[in-house]
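Please view the model first.

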Amino acid sequence: MRTTRGRLYGIAIAALMWGAALAPSHAEIRVGFINAVTGPASSLGGQYKRGLAAATMQVGSETIKLITLDDQTDTTVAVKDARKLIEDNNIDILFSPPDSPSAFAIVPVARDAKVPLVSLSTAAVPGEDGNWMITISQPLPLMLSADVEDMKKNGVKRLAYIGFGDAWGDAVYSALKPQADAAGIEIVAKESYARADTSVTAQILKVLASHPDAVLTGGSGTPGALPHIALADRGYTGPEYSTHAIINNEFVRVGGAAVEGVIAPTGPMVVADQLADSNPIKKVALDFLALYKKVNNEPSTDAFAAYGYDGWLIIADSAKRALATGAKPGTPEFRVAMRDAMTTTKELVGTHGIYTFHLGQPFGTDERSRVMVKLEKGGWKLLP
């Protein structure tokens, strides 16, 4: 009896093992996210986090696991986080930090480890060095051209600039200068400040001493409001322009009355309800806004949450095509398949644009991804 019972038990165990071997196995797709939970860029980081909360953590039968680390808005910490996510967590894909300096800092880490990188800031590296990354945000030259076009239309001849004294501020000025020159607009002042500064009085005095027809700022998030506050304190009443990096509720809250009237380019999502019904972005953007409100118990009031969501849409679309190759998550083959899928994305409609990517060309947006807005009574209004 004992022998028979043991034999039956052995057969049962063998059957279970055989069944397990035949059953399909599913390895989760691991996405690493280096976010600015603390530090000067945390107002942007909070929005990216809430935007990703609206995403579906599933691609077909595969579960997506999001692993988040805080870089404290510090480039050194960002690099350490990237290595930890790649080496300890075996991620399949990486989301960059929201601030450009940290995003640029982790590009070599992702490239050398052959891990696809989705940049949520405007950080982009073209050519072979950027073959493992794509950038969700619109390129600065595309957005700055909208500012310059509006200035030219309104007769601006003398322009003053003040922006961050880091990679972001430098990138804004570099995109602005040739376009202003081509439009016959002279840049009569160029000033900078640190993200952690609490005063820019000295810089604004120099700006005003140059007698500009308009001022353009190159900041982002909460610190981006500082020059506008200083301009208001000094009685400046001329036109004030900025970039899509200040389309953030904290910028509006901190700036208050001082940022009323600021003009900036942004993605269509910010004014989704003001778009024409024929615009294909409108439906995707409105659907996102409904999801955002459902999961966060509050409406979205900025552009940044939607950048995170668009990045997720591209990852999900790419993952479907990567899985179809037979590559398994957690393997170098799957990382390559994800990179190949991402860089062949074509006409994918998101909340901020319609994305098409090519290998070595990290930006995937065109003129359909920008509109001009003006802050009126605390809300962004679409300009013609």
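## Cavity

On a 1 Å grid over the protein atoms alone, a cavity is a set of points where a 1.4 Å probe fits but cannot get out; a pocket is an open set with protein on both sides within 12 Å along at least five of seven lines, and lining residues have an atom within 4 Å of a point. Grid points are joined across faces, edges and corners, and a volume is the space filled by probe spheres set on the points. The model is predicted: local features need pLDDT of at least 70, side-chain atom pairs count only at pLDDT 80 or more, and totals for chains, interfaces and linings use all residues. Residues are numbered from 1 along each chain as its sequence is written, and side-chain values use heavy atoms, with hydrogens and water left out.

There is one cavity of 30 Å³ or more. The largest cavity has a volume of about 150 Å³. It is lined by 16 residues, and Pro98, Ser121, Trp168, Ala245 and Phe304 are the closest to its centre.

The largest pocket holds about 370 Å³ of space. Of its 20 lining residues, Val270, Asp273, Ser300, Thr301 and Asp302 are the closest to the centre.

The second largest pocket holds about 170 Å³. Helix H5 (140–153) gives four residues, the largest share of its lining. Helices (H or I, at least four residues) and strands (E, at least two) are DSSP runs, numbered from the N terminus.

## Sheet

Six strands form an open sheet with mixed pairing, in the order S2-S3-S1-S4-S5-S6. Strand S2 (58–59) and strand S6 (133–135) stand at the edges with a single partner strand each, so one side of each has no neighbour in the sheet. Two strands pair if DSSP finds at least two bridges between them. Strands S1 (residues 29–35) and S4 (residues 93–95) run parallel and are joined by three bridges. Gly32 has Leu94 in S4 as its bridge partner.

## Helix pair

Helix H10 (residues 280–296) packs against helix H11 (residues 304–323) at about 110°, with the axes 11 Å apart. This makes H10 roughly perpendicular to H11, a label for angles of 65 to 115 degrees (under 35 is roughly parallel, over 145 roughly antiparallel, the rest oblique). Axes are lines fitted to C-alpha atoms, for helices over the stretch in contact, and angles run from 0 to 180 degrees between N-to-C directions.

Val284, Phe288, Leu291 and Tyr292 in H10 meet Ala305, Ala306, Tyr309 and Leu313 in H11; contact means heavy atoms within 4.5 Å.
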